[in-house]
Amino acid sequence: MALKASERGYAAALASVIIWALVPVGTRFFVLRVDPYVFNMIRFAASGCAALPLFVYAKPWAWPGRDRLLLLMCAILAVSGYSIPVALGARTVPAGELGVLIATEPVMIAALTLVLHRRPVHWRVIGGSVVALLGVTLTSGVLSADEPFKWVSTLQVLAGAFSWSCYTVLAVRLNQRYGTVGVTGAILVIGTAALLVLSLPMVDATMLPDGWTTLILAAMGLSSSLLGFLLWNYAGAVVPAERLGLFLYMIPAVSIIGGARFLDESLTAQILLGGALTVFGVWVASRSSPYLLICGTHRI
């Protein structure tokens, strides 16, 4: 029996969320075996090449100079600004905690948007941010950790999440003018070029993985950057926004479960409580801005 359009939309949304939720698991797995800079270079080289048709479709070279400058800024924030600190932090931060830390992005997006538009910060944003921060603190275990670099790694991941949040807020004008598909392609291509320029001096030939690992990393980049994004866009066309946004709250939960299932990470009461508090805080802070929650969390 053929599925209804709404059912296909829900299936697409669920698939995209699972893909994005497993990215922290894959990141944690590979950065313990592959240099973080090499890890990002292979991932984005694959997704950047695949995005070339979208880049040509967007024709960013014909945009006004101000928009081209904004595009460059957004590309650096979205690719290098997010991926490099998160990959470096993932060497110490487990996959489940990565998912929870990254899940704070909607709070940052809501706060940055209010500041950018000079609007008063609603009590929901303040209260939700406090609750989410408490959840992050519990989940990360930084207060009781013996590892001296735990705080540094946690801050690296949060810095990556903040960079992504800045990109999301700044890219709104580009998305409105040129469409999300074309803008995503342009950001992937330009961001990948900038990432390669920044990362190449940090690596040498001895750091390159074997062919099979390279192929898996390339597939990971394609699935998280393009497949997840296209599935999410399809779902957004047939599923009401207020229902679609609910799927995003599954991401930290799936990351925690994936880390425990595939990487044998501990699943303690502290992690579960912290994850629940983080998701609840994000929901409280972003419930008045469902559009920001939906458009700001797709992972490229």
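Analyst: Cysteines first: there are 0 disulfides in the structure.

User: How do you know that Cys74 is in no disulfide?

Analyst: A disulfide is a pair of cysteine sulfur atoms within 2.5 Å. For Cys74, the nearest cysteine sulfur is that of Cys166, and it is 9.8 Å away. Cys166 is in no disulfide either, with the sulfur of Cys74 as its nearest, 9.8 Å away. Keep in mind that this is a predicted model, where local features need pLDDT of at least 70 and side-chain atom pairs count only at pLDDT 80 or more, while totals for chains, interfaces and linings use all residues. Residues are numbered from 1 along each chain as its sequence is written, and side-chain values use heavy atoms, with hydrogens and water left out.

User: Are those two cysteines buried or exposed?

Analyst: Buried means under 20% relative accessible area, exposed over 50%, and partly exposed in between (1.4 Å probe, protein chains only). Cys74 has 0%, so it counts as buried. Cys166 comes in at 17%, so it is buried too. Over the chain, 51% of the 300 residues are buried.

User: What makes a set of residues a nonpolar core, and which ones have the most contacts inside the largest?

Analyst: The set has to consist of buried Ala, Val, Leu, Ile, Met, Phe, Trp, Tyr and Cys residues joined through side-chain atoms within 4.5 Å. The largest core has 50 residues, and those with the most contacts inside it include Phe39, Cys74, Val157, Tyr167 and Ile300. Helices α1, α2, α3, α4, α5, α8, α10 and α11 each supply at least two of its residues. The largest share comes from α4, with 11 residues. A second, separate core has 11 residues, among them Ala12, Trp20, Ala21 and Ala235.

User: What does Ile300 touch?

Analyst: Contact means heavy atoms within 4.5 Å. Leaving out residues up to four places away in sequence, Ile300 touches Phe44, Ala78, Val79, Trp164, Thr184, Ile187, Leu188 and Ser225. For the chain, 90% of the contacts with a separation of 6 or more are between residues 24 or more positions apart.

User: What counts as a helix here, and how many does the chain have?

Analyst: Helices (H or I, at least four residues) and strands (E, at least two) are DSSP runs, numbered from the N terminus. By that rule the chain comes to 15 helices and 0 strands.

User: Why is the pair Phe30 and Phe39 called what it is?

Analyst: A pair of aromatic rings is described by the distance of the centres and the angle of the planes. Rings of Phe, Tyr and Trp (its six-membered ring) pair if their centres lie within 6.5 Å; planes under 30 degrees apart count as stacked, over 60 as edge-to-face and the rest as tilted. The structure has 6 aromatic pairs. In the pair of Phe30 and Phe39, the centres are 6.4 Å apart and the planes are at 25°, so the pair is stacked. Phe30 is buried at 10% relative accessible area, and Phe39 is buried at 0%. Together with Phe29, Phe30 and Phe39 form one aromatic cluster.

User: And what makes you say that the charge of Arg33 sits over a ring?

Analyst: The rule asks for NZ of Lys or CZ of Arg within 6 Å of the ring centre and within 35 degrees of the ring normal. The charged end of Arg33 sits over the ring of Phe29, 3.8 Å from its centre.

User: Why is Lys59 flagged for its phi?

Analyst: Most residues other than glycine have a negative phi. Lys59, in the loop between α3 and α4, has a positive phi near 50°. At 47% relative accessibility, Lys59 is partly exposed. Asp264 also has a positive phi, about 60°, without being a glycine; it lies in the loop between α13 and α14. Asp264 has 69% relative accessibility, so it counts as exposed.
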